[in-house]
Amino acid sequence: MIATATATELFLPPFVLFGRGALDQLGQRAHGFGRRALVITDRGLVATGLVGRATEALQAAGIDSIVFDRVEPNPTVTQVEAGIAAGAGHGVDVLVSIGGGSAHDCAKMVALVAANGGDVRDYEGTDRAAGPGLPLVAVNTTAGTGADVSRFAVISDTERKMKMVIADRRVVPAVAINDPLTTTRMPKAVTMASGLDALTHAVEAYASTAASDFTDLLSLRAVELVNRHLTRAIEHGDDLDAREGMMLASLYAGLAINSALVGATHALAHALGALLDLPHGVCNGILLPHVCVANYASRRQRYDKLATIFGGAADGKRLPESLRRLGDRAGLPRGLGAIGVTRAHIPDLVERALADMTMSTNPRPLTRADVAAIYERAL
Ligand SMILES: [Fe+2]
């Protein structure tokens with residue numbers, strides 16, 4: 001990758017299918033990528049019948065499937081290794097992930113390591129793979145992570161109790177399928193957490209040091225869509241307009257972070273996920289207002305602009321309160337204390353957050369004391 005101080009980098013996924021009924025096209029869209037698929041998903045989605053529908057569609061397109069359904073939230077190195085083992089010896093030549101961020105991230109690393117060899121941990125960092133991974137078709141069933149279009153995978157290393165961020169052009173899915181009809185039965189808690197993840201992606205990409213005109217368009221529109229649709233999607237899960245709005249927000253925010261990346265909220269949330277296995281979107285939702293306060297002085301105009309999306313004056317000092325109100329309406333706990341974090345965890349969390357690569361595009365560098373203060377206020 002060649003980058004200069006002035007060049008804008010745009011990372012775009014090869015193909016995205018978006019809309020009601022898009023899942024019906026899975027077979028034809030996966031056709032040509034392989035003959036034998038390893039489907040990476042979780043047991044809950046198998047139980048809903050969605051995975052069966054997908055494997056039938058693949059079969060109709062001449063693609064046999066093996067199903068690995070052991071993905072759990074905050075996927076680990078061990079889960080990736082189990083996924084590779086599930087496909088080994090079966091001539092797998094295409095991956096299909098069905099689910100949210102966890103399924104896609106796990107599948108991305110199965111695809112990369114199965115094709116390139118070595119250990120999952122070898123790929124931590126930016127563009128470490130020597131060659132392409134197996135092609136991946138990502139079927140999204142949540143609305144928020146953007147993992148179906150992104151060049152990132154986040155995998156927990158339970159030995160080191162940290163979340164590894166793998167940023168690699170070679171993990172971008174070849175096909176992303178976003179069908180809002182698959183999200184109508186998403187539980188309220190998942191709708192809330194994934195929606196707040198999308199919101200955090202959009203706000204952080206807009207404030208990022210790597211933001212560009214292109215990513216700004218996507219970020220601002222994503223914030224607008226989350227503000228308009230999140231509460232409705234939680235309270236009325238069968239409202240297709242709200243579900244479609246949230247899925248679009250997820251897509252736009254995912255495209256934005258592909259090029260603009262994120263910031264300190266994600267660094268602090270990754271530390272919480274790694275140490276205490278807490279839900280990513282919930283951690284982001286609680287931390288985001290506090291990080292906006294810490295960053296405000298260095299990106300004043302940008303936070304002022306974001307504040308206008310929630311109504312009222314262009315005053316970024318009011319943005320944290322607007323974000324909190326949205327969180328309240330979504331049923332988000334007000335503080336980290338409510339999800340089991342204590343003051344005693346903070347020193348360890350601070351070290352992990354400072355080492356996280358997503359800190360690098362935060363609008364300003366944060367010191368150890370800054371990060372500790374954010375955790376304290378967010379308790
Ligand atoms: Fe995220």
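Donors are N, O and S atoms within 2.8 Å of the metal (3.2 Å for Na, K and Ca), and because water is not among the atoms, sites may look incomplete. With that in hand, here's the iron site: along the chain, the donors of the iron ion follow the spacing D-x3-H-x64-H-x13-H.

A quick word on where this comes from. This is a predicted model, in which local features need pLDDT of at least 70 and side-chain atom pairs count only at pLDDT 80 or more, while totals for chains, interfaces and linings use all residues. Residues are numbered from 1 along each chain as its sequence is written, and side-chain values use heavy atoms, with hydrogens and water left out.

So who holds the iron ion? The protein donors are Asp-197 (OD), His-201 (NE2), His-266 (NE2) and His-280 (NE2), lying 2.1 to 2.2 Å from the ion. The angles among the four donor atoms are 85 to 169°, and the site is irregular. That label is what's left over: four donors are tetrahedral if all angles lie between 85 and 135 degrees, while four are square planar and six octahedral if opposite donors are over 155 degrees apart and all others between 65 and 115.

Helices here are DSSP runs (H or I, at least four residues), numbered from the N terminus. His-266 counts as buried at 4% relative accessibility, and His-280 also counts as buried, at 18%. Buried means under 20% relative accessible area, exposed over 50%, and partly exposed in between (1.4 Å probe, protein chains only).

Now for two helix pairs. Axes are lines fitted to C-alpha atoms, for helices over the stretch in contact, and angles run from 0 to 180 degrees between N-to-C directions.

| Helix pair | Axes come within | Crossing angle |
|---|---|---|
| α7 (residues 213-235) and α8 (residues 240-260) | 8 Å | roughly 150° |
| α9 and α10 | 9 Å | roughly 135° |

The angle in the α7 and α8 pair makes α7 roughly antiparallel to α8, whereas α9 and α10 are oblique to each other. The cut-offs: under 35 degrees is roughly parallel, over 145 roughly antiparallel, 65 to 115 roughly perpendicular, and the rest oblique. In the contact of α7 with α8, the residues divide into 15 nonpolar, five polar and four charged. Nonpolar covers Ala, Val, Leu, Ile, Met, Phe, Trp, Tyr, Cys and Pro, charged covers Asp, Glu, Lys and Arg, and the others, Gly among them, are polar.

How values were computed:
Helices (H or I, at least four residues) and strands (E, at least two) are DSSP runs, numbered from the N terminus.
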